[in-house]
Structure formats: structure tokens, C-alpha cells
Amino acid sequence: MAKYIYHEADSRGDANHGWLHSRHTFSFGGYMDAERMNFGVLRVLNDDYVSGGMGFGRHPHSNMEIISIPLEGELAHNDSMGNGSVIKPGDIQVMSAGTGIEHSEYNHSEVDPVKFLQIWVIPNKQNVEPRYDQQAIDKEKAHNNFLQILSPSADDEGVWIHQNAWFHLAAFDAGYTREYVLKNPNNGLYVFVLKGDIEVGSQLMHSRDGLGIMGEKHVSIKASTNAEFLLMEVPVG
């Protein structure tokens, strides 16, 4: 039996530290809701705003797949593996924390804010060798299409992680409809709206709304306005 879990944008956890304003779809930090711990292996979906010149100092992670998707501005990254880079809109970054890493993330601009999604996925392998990757996304391919940006395979399109998960980015014109067919029919699908309004089944969704879907093998999505959204297909059992 299909199950739909709707998360309105305004229902998310709200952590405003001045330099950092973060909205939490799932429990994180000081925001705790026993009903919103995760969606399957999708553990964290943070919508972060960081002021110019500010950021997260070096801190540790282990046994987690950490994905960053910049939406506006540029994010400077450094880590204990020796990586130093800047990611910007049109990029996707992934780290397999595995046996342990330390990293920092700072706004690359002293003036302009940076907005990005921070997503954590629980891996299907523990204590792997830490790794880092980033790739540019050809967003033109997302026009009226599901552009794959993450998968379980290094040989497939986009970055890869240690989990049977697939992420797709889409940018639909108003009125356009398309059906997403799950790669694994036992997975669930989490839809997160970046801009505009879409209809998923009978559910109308607005900017920054989320919808978890379980028990469906395919899902019809229609854009009510010009819209951009992220599809995260993940194991839920």
C-alpha cells in the first residue's frame, strides 16, 4: 500500500544563528522531532544560508555519505584528505566519511551569502576508505527531464555513493508532466522542491516543500508553474 508523507516548508526545524540560517527537514542539532528522524537512509536534508565570510570550522564525520549542492553563491571546502576546492551552483560534491574525516566549509565570498543543500545518506558499507569527489552538472539536461546526478556506480552518470540510491535534478516548464520510474521498486522517493509549484499525484507542493513516497513503482509529476526540484530515491526498508 502506498504511503505519502508531506513536509511543508514552514514545518521544518528552524535554526538561526545569525551568520547561519538552517532549515532542517529531519531532526538535526537542536531540532528534535521523533516523527521526523529520517526517510529510510536519507538522514539529513538541511537548507543552509551562510553569511559572507562565515562558515563551519573543521569538524569530524565518520560512516556517512555527505552530499552538498550549492544553490546560490560559492562554498569553499577543505578537508583532512588534502582536498581544497570551491563549489558553486551547477556543481555537486560528495564525501564518503567512512573511517573518519575532518573538513571545513566556508562562504567563499566575504560579502555575498551562499545557499546550499547539505544531505546525509546512511551508507550500506561501514568503515570504508574516505573519499571526495565533485562534478559539474549540465543543468540544461535537466530541462523537462530527470537528470541523474548521483547513483551507486562510479561508472554511471553523476557522483556515486556507498548506497543503492539515485538522485535526479529536474527543471520543468509550467504544464509539463512526466513519470518517474523507480530504479528499485522497493525503494522510496523523496521529492524536494527548489523553486516553483508542482503536483505529485494529488499533492500540490510549493518551494522548499518535501514529500516522501513509499510503495509506488512510478510517480507522476506535473509542474503547475516553471519549477525546479530534486528527486532522491533511497532504500526505506
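**Close-up 1. Strands S17 and S22, paired in a predicted model.** Strand S17 covers residues 187-195, and strand S22 covers residues 227-235. Eight bridges join them in the antiparallel sense. Gly188 has Val234 in S22 as its bridge partner. Pairing requires that DSSP finds at least two bridges between two strands. Strands are DSSP runs (E, at least two residues), numbered from the N terminus. This is a predicted model, in which local features need pLDDT of at least 70, side-chain atom pairs count only at pLDDT 80 or more, and totals for chains, interfaces and linings use all residues. Residues are numbered from 1 along each chain as its sequence is written, and side-chain values use heavy atoms, with hydrogens and water left out.

**Close-up 2. The open sheet of seven strands.** The strand order is S1-S20-S17-S22-S15-S13-S14. Pairing in this sheet is mixed. Strand S1 (3-7) and strand S14 (159-160) are the edges. Each has a single partner strand, so one side of each is left without a neighbour in the sheet.

**Close-up 3. The open sheet of four strands.** Here the order is S16-S21-S18-S19, and the pairing is antiparallel. Strand S16 (177-181) and strand S19 (203-205) are the edge strands, each pairing on one side only. Neighbouring strands of this sheet are turned by 25° against each other on average, direction ignored. For such angles, axes are lines fitted to C-alpha atoms, and values run from 0 to 180 degrees between N-to-C directions. Within the sheet, strand S18 (residues 198-200) and strand S21 (residues 218-223) run antiparallel, joined by three bridges. Ile198 has its bridge partner in S21, Ala223.

Close-up 4. Strand S10 spans residues 101-107. Five of its seven residues are buried, so the strand is largely enclosed by the rest of the structure. Buried means under 20% relative accessible area (1.4 Å probe, protein chains only). Strand S5 (residues 55-61) runs antiparallel to S10, with five bridges between them. Pro60 stands opposite Glu102 in S10. Strand S7 (residues 75-79) is also antiparallel to S10, again over five bridges. Asp79 has His103 in S10 as its bridge partner.

Close-up 5. Strand S3 (residues 20-24) is mostly covered, with four of its five residues buried. Strand S2 (residues 13-16) pairs with S3 through four bridges in the antiparallel sense. Asp14 has Arg23 in S3 as its bridge partner. The hairpin of S2 and S3 has three residues between the strands. In this hairpin, Gly18 takes a positive phi near 85°. S3 also pairs with strand S4 (residues 42-50), antiparallel over five bridges. Ser22 stands opposite Asp48 in S4.

Close-up 6. Arg131 lies in strand S12 (residues 131-136). Arg131 is buried yet has no salt bridge. A salt bridge needs a side-chain nitrogen of Lys or Arg within 4 Å of a carboxyl oxygen of Asp or Glu. The nearest side chain of opposite charge is Glu65, 4.3 Å away. Lys and Arg count as positive, Asp and Glu as negative; His and the chain ends are not counted. The Arg131 side chain reaches the backbone oxygen of Trp160 at 3.0 Å. Leaving aside neighbours within four places in sequence, Arg131 is in contact (heavy atoms within 4.5 Å) with Glu65, Met81, Val94, Met95, Ser96, Trp160, Ile161 and His162.

How values were computed: Buried < 20%, exposed > 50% of the residue type's maximum accessible area, 1.4 Å probe, protein only. Polar contact = N/O pair within 3.5 Å; in protein donor to acceptor, adjacent residues only side chain to side chain.
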